[in-house]
Amino acid sequence: MKFFVAFAALLAVALAAPAAPASDDASATVLKFDSDVGVDAYNFQYDTSNGIQHQESGQLKTFGDDAAALVVKGSFTYKDAAGQTFTVNYVADENGFQPEGSHLPVGP
């Protein structure tokens with residue numbers, strides 16, 4: 001019986017406790033969104049309330065008569081838990097994905 005009373009009291013305390021506040025990422029909203037999609041090119045940009053910004057454009061590139069691929073350029077910015085802002089600029093083309101940022105290591 002004591003176990004049941006203790007369990008019921010613990011359950012009541014747990015149910016009465018306020019829910020943990022949502023993180024900025026969980027409650028973020030889109031502040032701006034622009035997009036333009038064509039047959040052989042596209043671009044988009046968005047900004048969110050938690051400081052994320054992303055912009056990207058892509059264009060179809062042909063490599064002869066029977067090969068084509070998208071060439072993509074863009075960047076995104078975000079803040080870490082401590083509030084430090086990071087930006088990554090990137091290109092993705094026939095040479096692969098090539099990110100650059102002051103916080104990223106540089107290869108040989």
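**Figure 1. Strands E5 and E6 pair in the antiparallel sense.** Strand E5 covers residues 85-93 and strand E6 covers residues 96-100, and five bridges link the two. Two strands count as paired if DSSP finds at least two bridges between them. Strands (E, at least two residues) and helices (H or I, at least four residues) are DSSP runs, numbered from the N terminus. The hairpin that joins E5 to E6 passes through two residues. Ala-92 stands opposite Phe-97 in E6. In a regular strand, side chains alternate between the two faces of the sheet. The model is predicted: local features need pLDDT of at least 70, side-chain atom pairs count only at pLDDT 80 or more, and totals for chains, interfaces and linings use all residues. Residues are numbered from 1 along each chain as its sequence is written, and side-chain values use heavy atoms, with hydrogens and water left out.

**Figure 2. Lys-61 forms a salt bridge with Glu-94.** A salt bridge is a side-chain nitrogen of Lys or Arg within 4 Å of a carboxyl oxygen of Asp or Glu. The closest N and O atoms of this pair are 3.1 Å apart. Lys-61 lies in strand E3 (residues 53-62) and Glu-94 in the loop between E5 and E6, so the pair ties together parts that are 33 residues apart in sequence. The structure holds one salt bridge. Lys-61 counts as partly exposed because its relative accessibility is 35%. Glu-94, at 45%, also counts as partly exposed. For these classes, buried means under 20% relative accessible area, exposed means over 50%, and partly exposed lies in between (1.4 Å probe, protein chains only).

**Figure 3. Thr-77 and Thr-87 are joined by a polar contact between their side chains.** Thr-77 is found in strand E4, residues 68-79. The polar contact with Thr-87 has a length of 3.1 Å. A polar contact is a pair of N or O atoms within 3.5 Å; within protein, one must be able to donate a hydrogen and the other to accept it, and residues adjacent in sequence count only if both atoms are side-chain atoms. Thr-77 counts as buried because its relative accessibility is 13%. Leaving aside neighbours within four places in sequence, Thr-77 is in contact (heavy atoms within 4.5 Å) with Gly-51, Ile-52, Gln-53, Thr-85, Phe-86 and Thr-87.

**Figure 4. The protein has one helix and six strands.** From the N terminus on, the elements run α-β-β-β-β-β-β. Of the 108 residues in the protein, 14% are buried.
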